[in-house]
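Work through the exercises below with the sequence and the coordinates open. Each task is followed by a solution in steps.

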Amino acid sequence: MNTVTTTTIMADTEQQAEVKPDPPPYSGLTPARRRFILGLVSTAGFLGPLAGGIYLPALPVLEQDFRVNSIAINATVSVFMLLCAFAALFWSSFSDWKGRRPLYLIALAIYLAANILLAALPANFGALVFLRMVQAFGCSSVITLGAGTVADITEPAKRGFAMSIFLLGPNLGPTIGPVLGGVITGQASWRWTFGFLAIAVGATWLTMFFAFPETLRFRVGNGAMYANAPLLIFPPRLVSPLAPESERGPAPPKPSLKTFSRLLRYPPITIAAFYTALLFANYFAMAVGLSDVLVRRYGWSVTAVGGGYLALGVAIVSGSMLAGRFSDWRRARAVARKGPDGKVDPERRLVDQVWGAVVCVAGTVMYGWCVEKQVHPAAVLVATALVGLGMSSVMVVTFAFLTECAPQASAGAMALENMMRNPAAAITAVITPPLVATMGYGWYFTSFAIVVGVVFSSGAFALATWGPEWRKNPAIPPPAPAPAVVPEAAPTPSEESADDSSRADEKVSEP
């Protein structure tokens, strides 16, 4: 009888061990709320680069109103871009540790205050430089914070397309900015460019204050605590409550220069960020000079030039959306071939960048020689579209790759990419005019295309060959797992009988 009972208990125990509960979903938020968050961070991402682009058409007017020369007024552009690059490191370090929500609210509040003061204060060049620095400090946060938010709420298998949705904002900001700036400055005044930014940023800040939940997995896990919560957060708080400790994600590294140094010296991040920055600099050299080309060489009006930038914007959006969806589709196929528990290396995504780099290089050469030979402007616009299409497709895949390489410091990885990209664009904008004057458009952009092609192919080859080996020693080591608590085995009936007999013998032996 005891043997039968013991066998039955052991069989039940084995069956219970075999039945494993389903793992929790990557994000506990509803699909509708995830889409809302994605749209909101994309809007914030649009407002950051918009501050740089909307300012450019007003430079000649600012030069007159502030009574300075072109070198001084152009310096405000360089200072803005450089500060954006390095300030992003500050925001990203604390967002990976203290949360996304408080950093969004603080950064956008700084951005809003700078715009209000720029629109209202009397014309003073020192105040302009200082407030542009404050503006850059506030708006530099949105791209790194947004990329971190996408990684928080989107599993790696779908991250390429989600990242492409987010990048709609940052990609459209530099493209639509000059168009808006030209219209506002021409029809009203340069002050209204900052007034327009203040209105847009204020509306976004209010929406985030009342409807943006915390997404950092270290604080709220998969966000299940917001699963059944209403859209509006009331009463709103700067810092969200914490999820139970058992539901939180792994702890990120504490903000320090050592952490950034480790990320910067981590080859997968450095290499991918470097060649992406070079492709962006190539695009920026073309985009900044496009208005001058269309006006001086083809006699277009300022309004018509805005239409030329819209063609470029459509190409950038299309490249980002198509590449993100295609990269996710290819990754899903790779996972299906390996089975449900199969793991796919992040480097597999980089194969999808090859066609984008080829299109970008071809468009760059085409643009240079079309402008040089003054071919029909339709051909010039086709060339700019090819450059934008290729550049944006490479960038969206790089962003998805970086979040998989450093899952615990995704915002930090994005900040380092931004730190390379913005200075590269600023330097290119300075050196392009004199080099074009010396070499001509054709040979300058052909040379740039060759450099881009060589650097990209070398970097992509290095990542495909040695990337998996490099990732065995991650930049941010994962936290050590908590020691497993081994439960005491339940005594079998025969052991219980033996214990009862021994206790009975002890009682009999007592005096």
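**Exercise 1: Helix α6**

The model is a predicted one.

Task: Determine which residues of α6 are buried, and compare the expected span of the helix with the distance between its end C-alpha atoms.

Solution. 
1. Helix α6 covers residues 125–139, which is 15 residues. At 1.5 Å a residue it should span 21 Å, and the end C-alpha atoms are 21 Å apart, so the two values agree.
2. The buried residues are Leu128, Leu131, Arg132, Gln135, Ala136, Gly138 and Cys139.
3. They cover an arc of only 160° around the axis, which puts them on the same side of α6.
4. At the start of the helix, a side-chain oxygen of Asn124 comes within 3.1 Å of the backbone nitrogen of Gly126.

**Exercise 2: Helix α14**

Solution. 
1. After α14 comes Gln374, with a positive phi near 55°.

**Exercise 3: Ser164**

Task: Is Ser164 buried or exposed, and which residues does it touch beyond four places in sequence?

Solution. 
1. Ser164 belongs to helix α8 (residues 159–187).
2. Its relative accessibility is 0%, so Ser164 counts as buried; the cut-off for buried is under 20%.
3. Beyond four places in sequence, Ser164 touches Ser320, Met321, Gly324 and Val396.
4. The C-alpha atom of Ser164 is 8.3 Å from that of Val317, a residue 153 places away along the chain.
5. The Ser164 side chain reaches the backbone oxygen of Phe161 at 2.5 Å.

**Exercise 4: Charged side chains**

Task: How many salt bridges does the whole structure hold, and what is the nearest side chain of opposite charge to Arg101?

Solution. 
1. Side chains of opposite charge can pair when their charged atoms come close.
2. A search of the whole structure gives eight salt bridges.
3. One of them joins Asp152 and Arg100, with the closest N and O atoms 2.8 Å apart. This pair links helix α7, which holds Asp152, to helix α5, which holds Arg100, across 52 residues. Asp152 is buried at 6% relative accessible area, and Arg100 is buried at 1%.
4. Asp352 and Arg330 meet in a salt bridge of 2.5 Å, N to O. Asp352 lies in the loop between α13 and α14 and Arg330 in helix α13, so the pair ties together parts that are 22 residues apart in sequence. Asp352 is buried at 3%, whereas Arg330 is partly exposed at 27%.
5. Asp345, Glu347 and Arg471 are linked in a network of salt bridges.
6. Arg101, in helix α5, is buried yet has no salt bridge. The nearest side chain of opposite charge is Glu214, 6.6 Å away, and the salt-bridge cut-off is within 4 Å.
7. The Arg101 side chain instead reaches the backbone oxygen of Phe212 at 2.7 Å.

Terms used. Residues numbered from 1 in each chain as written. Predicted model: local features only at pLDDT ≥ 70, side-chain atom pairs only at ≥ 80, totals over all residues. Heavy atoms only, no water. Helix = DSSP H or I, 4+ residues; strand = E, 2+ residues; numbered from the N terminus. Buried < 20%, exposed > 50% of the residue type's maximum accessible area, 1.4 Å probe, protein only. Contact = heavy atoms within 4.5 Å. Polar contact = N/O pair within 3.5 Å; in protein donor to acceptor, adjacent residues only side chain to side chain. Expected span 1.5 Å × (residues − 1). Arc of directions from axis to C-beta. Lys, Arg positive; Asp, Glu negative; His and termini not counted.
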